Structure formats: structure tokens, C-alpha cells
Amino acid sequence: MSKKRIVVTGLGVVSCFGNDVDTFYQSLLAGKSGIVPITEFPTDDLPTKFAGVIKDFDPGEYIDKKQARRVDKYIAYTLVAGKKALENAKLGGDALGGVNKSRCGILIGSGMGGMSVFVDGVQTFTDKGPRKISPFFIPYILTNMGGALLAMDIGFMGPNYSISTACATGNNAIISAAKHISNGDADLMLCGGIEGDIIPMGIAGFCACKALSQRNDAPAKASRPWDKDRDGFVMGEGGGVLVLESLEHALARGAPILAEYLGGGISCDAHHITEPRPDGEGVALCIRNALSDAGVSADDVNYVNAHATSTPAGDMAEINAMKKVFKHPSSIKVNATKSMIGHLCGGAGGIEAVVTVKAIADGIVHPTINLDNPEPGLEFDIPTQAERHRVKVAISNSFGFGGHNAAVVFKPYER
């Protein structure tokens, strides 16, 4: 029985470069850094004082004004990115009425959910007691509520739940959403990952893990994947959402087809709560599983959007794991989106899948910035400025605390 073909027909983002996909990608191509000093709250007591902050977020008409004041920002980001993805897929406004909403679903995950609502609720409990807790406290901290509220707004009644696998969340959500289409549960799925964790507690928590860069004198230079002088990752926020459809559904409605989703793979390092497995076997297994599910060989791949967080242990662990799979690394272009926007945690897989599809659709890959003093033994082709590139098969990697690994595979759509 032949495998059902699945295509990408829409993309939506909320990012430090704005909420328009084309503007976002043009900023990446220009090698622009979105990492800035944090001014939204005091940072005097924090070792790290910068991040890929979304400044002056405006949900516009995508969220009811009263709701916008109440919800956690991860929920607001989910609603905007999801609706922007539908618009990009030519399903905005009245056009949405042309699909069977009982066969359309949503699978948008978050690594940490409503952190702002949780922290504010704890403070209210401490200062004013339990009777002053908001009735929205429990609903708005849940990782499933972004997708749930989006469904309430647009009427999608198909599969709807969240996945939370730390920084692998977005890719896990995409893989599971595609399986619902393959299994015949849905014709169309909104999927990806979102995070809104740049708050004092979020920064303090990652600082306590000794995970963040402390390059406070030069924030734009702090995220430097594969550079010898890297000293930790940089937090970002926002995320990305894809519209996946069965090919027949997309063709029947005349949808714009941006790329084809081929498959995905998952694995677990089974090693450590934060550190990658030194021998790289977990990541290598994940990539091999993705290639097998996609029905392509390692030799077919000529572009990888790497996880590449800018941590001392993680960057080269990923490179060395990929060398176990790809025997001709110099023929593969590899880049690190996090060098410019930071690490979106649960939103990373979603936004980097968007980047991967844009590279396929536009035929150009973005640079990795701040790679001034490369580690020896990289071997892969890592552009430091935007380069034209005809992608044959692309992989996007995401790995999370707990040893969760997930990779997704795309290629240009051909009839």
C-alpha cells in the first residue's frame, strides 16, 4: 500500500523579527541578530541579561481584546502564529468555510506552557491568599490550551492535543500531526511549537542550570554555534506553525504547495537529564529513523537545519552524531537558526521547520552568524552568508532535555 503524500501549504511565525514569515526569513538571510538586552523586567540580579525578546507584541485582530489581556503569552503566540499559517495557506477569512472542519485538527505543543500565568498565580497566592487566585489560573498554564483556544476560534474539530518534549516539542508535534493525516484521521493539521518563557523565572531557571551565555557586554555575539568561544545558549521566544495537508486535499482546493513532508524520526538518548549522549548514538538513531520513515537515503540529503544551540557539549555532539549517518559531510549545507534568534525551547522545532521549508521554497539558505573561530572537524558546509542552494532533501533536527530527539524530513514538491 503506497504511503499517503503530505504537503506543507502554509507557514506562520511569531518571532523577534515580527510575525510575517517573509520578513522573518529576510532578516535571517541578512544575518541580522535579534538578541538584545532585556528591558521588560529588571535583570540586576540575573547572570544573563539578554535574550531573543519579542518586543511590543501586537496580536492585532487575531485575538479578542479581552482575551488578549488574560491569556499567557504562549497562548497569544499560538493563536497568532496559527491564524497567520492559515492565511498563508489561503484559508483566511471566509475561505476557511470551504474545508470540512471535522477533518481538520491542531497539534501545537509547548515545552513549559503558561509560565507567566503560573508565576503570577503563585505570587498572588503568597501575597493575597487562595481566594484571590484567578479562575483562569489552571486553564492558562496547561500546554494544551493554546491549541484548544485556537480550535474554539476557528472551529477545527479534528485531533487536538499537545506534546511536551522540551526542545524537541515542535518536531514531535509535526511528526504526530502527519501521522493523523497518514492514518486518515484528518485531511489538514495545524502543527508546530510555541514558547513564551522570557520572564524572570525563566531566565533564572536556565541560569541555575548553567546553560545560558553570560556575554552581557555583546548580546548580539552571544549565540555562536560551533564557535570555540561559545559559552552557552541564548533564550528566545515565539515559535512556528505549519499547515500540513494530504496532497489530494491540497490539490482539490488549489492550495499553494511550499514543500512535501516526507517523514520523521524520534529516539531517546537514555543518558542524562540535560547533557547529550557522548557517543551520539541517540541522535544518529533518530536521524536514521527519520530517513527510513521518509524513504530516502543519507546520500539524498543536502541541507540540514541543525539543533546547534551554542552549548559547549551539544554543538559538536550533534556534528559527530551526524557524521555517523552522513558519509560525505562536505556535500551537505548545515546552518544554525539559533545564532540569530536564540533558542525558542519548545518553539524551536516549529520555527526551524518553517525555516527549512522556506529554504526549499526560496532556494536560498541563511547564514550562521558569529562563527569567528570554528571548532576543528566540522567538515559540513556551514555558510556564513546567505547562499543560493537547490535543496534536494532537507532535515531539521531538534533535541530536548531528557534526551528526547526528533528530526523531520522535507523536499521540494514535485507532481
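Predicted model: local features only at pLDDT ≥ 70, side-chain atom pairs only at ≥ 80, totals over all residues.
Local features were taken at pLDDT of at least 70 and side-chain atom pairs at pLDDT 80 or more, while totals for chains, interfaces and linings use all residues. Residues are numbered from 1 along each chain as its sequence is written, and side-chain values use heavy atoms, without hydrogens and water.

Glu237 sits in the loop between helix 8 (200–208) and strand 6 (238–246). Helices (H or I, at least four residues) and strands (E, at least two) are DSSP runs, numbered from the N terminus. Glu237 has 2% relative accessibility and therefore counts as buried. Buried means under 20% relative accessible area, exposed over 50%, and partly exposed in between (1.4 Å probe, protein chains only). The side chain of Glu237 makes a polar contact of 2.8 Å with the side chain of Lys73. A polar contact is a pair of N or O atoms within 3.5 Å; within protein, one must be able to donate a hydrogen and the other to accept it, and residues adjacent in sequence count only if both atoms are side-chain atoms. A polar atom of the Glu237 side chain also lies 2.9 Å from the backbone nitrogen of Ile54. Beyond neighbours within four places in sequence, the contacts of Glu237 (heavy atoms within 4.5 Å) include Val14, Ser15, Tyr77, Asp197 and Leu344.

Lys73 belongs to the residue range of helix 3 (residues 73–88), whose axis comes within 9 Å of that of helix 6 (residues 145–154). The two axes cross at roughly 50°. Helix 3 is therefore oblique to helix 6. Axes are lines fitted to C-alpha atoms, for helices over the stretch in contact, and angles run from 0 to 180 degrees between N-to-C directions. Angles under 35 degrees count as roughly parallel, over 145 as roughly antiparallel, 65 to 115 as roughly perpendicular and the rest as oblique. The crossing is right-handed, with the near helix turned clockwise from the far one by less than a right angle. Tyr74, Ile75, Thr78, Leu79, Gly82, Lys83 and Leu86 of helix 3 meet Met145, Gly146, Gly147, Leu149, Leu150, Asp153 and Ile154 of helix 6. By class, these residues are eight nonpolar, four polar and two charged. Ala, Val, Leu, Ile, Met, Phe, Trp, Tyr, Cys and Pro count as nonpolar, Asp, Glu, Lys and Arg as charged, and the others, Gly among them, as polar.

Helix 7 (residues 169–182) packs on helix 13 (residues 348–362) at about 70°, with the axes 5 Å apart. Helix 7 is therefore roughly perpendicular to helix 13. Gly170, Asn171 and Ile174 in helix 7 meet Gly349, Gly350 and Ala353 in helix 13. The contact holds two nonpolar, four polar and no charged residues.

Asp372 lies in the loop between strand 10 (364–365) and strand 11 (387–388). With 55% relative accessibility, Asp372 counts as exposed. Its side chain forms a polar contact of 2.9 Å with that of Arg224. Asp372 also touches Asp227.

Most residues other than glycine have a negative phi. Asp56 has a positive phi, near 50°. Asp56 is placed in the loop between strand 3 (50–51) and helix 2 (65–70), and is exposed at 76% relative accessibility. Lys90 also has a positive phi, of about 65°. Lys90 lies in the loop between helix 3 and strand 4 (104–109), and is exposed, with a relative accessible area of 56%.
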